[in-house]
Amino acid sequence: MYKCPAFIDSHLHFLGMGYVSFLLELKHVRSIEEIIRLSKESLPQTILIGRGWNQENFVEKRNLTKQDLNRISIDIPIVMIRTCGHVLVVNDKMLELANIDEDYQHRGKGIVDYSQGLFAEDALSLIYNSYPLPNKEDIKKYLKKANDICLENGITKVASDDFQIFPIHYEQMIQLINESYQEGLIDVSITEQVNLGTIELLRDYIQKGYVNKKIGKFRLGPLKLLLDGSLGGRTAKLSEPYADDSKQSGILSYTKEELFEMVYLADQNGMDSVIHAIGDEAIQLAIDTIIASLKLTKRKHHAHAIIHAQLATKEQIDLMKEWNIGVIIQPVFLNSDIEMVEKRIGDRKNESYLFHSMYEKGLNVGFSTDTPIESVNPFENIYSAVSRKSLSSPWLNPFLPDEAYRVEEAFVCYRENNLRYVYEDAQNDEVILDCDTDVKNPEDLIKIKVLETYIDGKNVFRKEDKK
């Protein structure tokens, strides 16, 4: 047995992780026909929701469509969410429930493809707002499940985006999380990455005195902004079109002016911004906006950061270093992305996922999993960082192996560096593992098991079959 500090995850969806564990799991599905079979086996339900499909893994090598889902049922609403969470497909019954027909014209920045039943980015809310919300007890059940999953994986502190999982007002979500703490359902310390979406909600939040407020183990943290989409869904905003779709270059969720208004208002009030940006154009806009705000507010101590930054160029990394802009990365994304990066961006792949370059340059690099996008298991994430390989496609060569981390560097990113993103100075929690982390082969990392987890000296998890 080996005792060491517990882990911190600097960007995940805590509530979403618990919620998704109750949905139809599609991460390991390898064909559309298999989705149809699994879905039929899970009926009857009042509504069927699945999560985790990836067309790159299908033998059919195409997206799901409503025609596929209509084969499952024409009477039950069906929603199938892509692994990235930025794209979903529904059947005709769900379209009917959402009051969307072939004449519908979407006025937002996302995508509505009625013929395929496909929705992307801000258009997802058209579906999410059309089926019944979970009740108060359901949400607490999801929070308790997320807590248990984190503790089983040795994670005791997280920075989490929870306000947009369901269309519920942010104050109600704050109340439900606090009640869950008071009822002993949550042990994990949560720093909320406050996803408010609009300038009106942000003003309301600031005026009500919520900025950086701490209530017990629950802390309200930075403003979370979703600037673009995903590479797999072709909604990450690129400076040039996608290599496999010359008509697409991605989607920006905010204009330059809208983004600055949000970041500057938060910055003026001592509130950091953490911005989801994957494509190089989105990353540049995020960096430029943070710099423009800092030039006006002149804040010396801040924890602004880019989340994901998969296509950050070396010049952008230099600029982030100059302005002390941190980065929150997910090496485990290589698990799903390694097979499709070249298809999406061609030769530009050679300047992507430059995760170790960020570390070498001196950026505050935090490790996270973005769960439920990928597994929350820290050792799978560290394995991807160290090996630059895919767990699901181990026969593939390492992706840009010069960008690999040493094991000890990965632990720094998972512990010391992540303290900045949960607004704490030290990690006093501990885990007991079944072996030392000084492994000879990267493959040995994914064999490591958490036996016990301790928070402030109190045992909060013990593996039942521990030898």
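Is Asn212 buried, partly exposed or exposed, and what is its relative accessible area? In this predicted model, local features need a pLDDT of at least 70 and side-chain atom pairs count only at pLDDT 80 or more, whereas totals for chains, interfaces and linings use all residues. Residues are numbered from 1 along each chain as its sequence is written, and side-chain values use heavy atoms, with hydrogens and water left out.

Asn212 is partly exposed, with a relative accessible area of 29%, where buried means under 20%, exposed over 50% and partly exposed in between, for a 1.4 Å probe and protein chains only. Asn212 lies in the loop between α8 and β11; helices (H or I, at least four residues) and strands (E, at least two) are DSSP runs, numbered from the N terminus. Although Asn212 is not a glycine, its phi is positive, at about 55 degrees. Most residues other than glycine have a negative phi, and most peptide bonds are trans. Tyr423, in the loop between α16 (407–414) and β17 (430–433), likewise has a positive phi, near 60 degrees, and is partly exposed at a relative accessible area of 21%.

Two cis peptide bonds also lie at loop prolines. The bond from Leu43 to Pro44 is cis, with omega near 5 degrees, and Pro44 is found in the loop between α2 (32–42) and β4 (48–53). The bond from Thr371 to Pro372 is cis, with omega near 15 degrees, and Pro372 belongs to the loop between β16 (365–367) and α15 (378–387).

Helix α7 (residues 170–182) has 13 residues and spans 18 Å from its first C-alpha to its last, close to the 18 Å expected at 1.5 Å a residue, the expected span being 1.5 Å times one less than the number of residues. Its buried residues include Tyr170, Met173, Ile174, Leu176 and Ile177. The buried residues of α7 pack, through contacts defined as heavy atoms within 4.5 Å, against elements including α1 (14–20), α6 (136–152), β10 (189–194) and α8 (199–207). Just after α7, Gly184 takes a positive phi of about 75 degrees.

α6 and α7 pack at an angle of about 60 degrees, with their axes 10 Å apart; axes are lines fitted to C-alpha atoms, for helices over the stretch in contact, and angles run from 0 to 180 degrees between N-to-C directions. The two helices, α6 and α7, are therefore oblique to each other, given that angles under 35 degrees count as roughly parallel, over 145 as roughly antiparallel, 65 to 115 as roughly perpendicular and the rest as oblique. Lys136, Ile139, Lys140 and Leu143 of α6 make the contact with Met173, Leu176, Ile177, Glu179 and Ser180 of α7.

Phe399, placed in the loop between α15 and α16, counts as buried at 8% relative accessibility. Leaving aside neighbours within four places in sequence, Phe399 is in contact with Leu334, Ile338, Val341, Lys349, Ser352, Tyr353 and Arg388. Phe399 and Ala426 are 27 residues apart in sequence and 33 Å apart in space, C-alpha to C-alpha.
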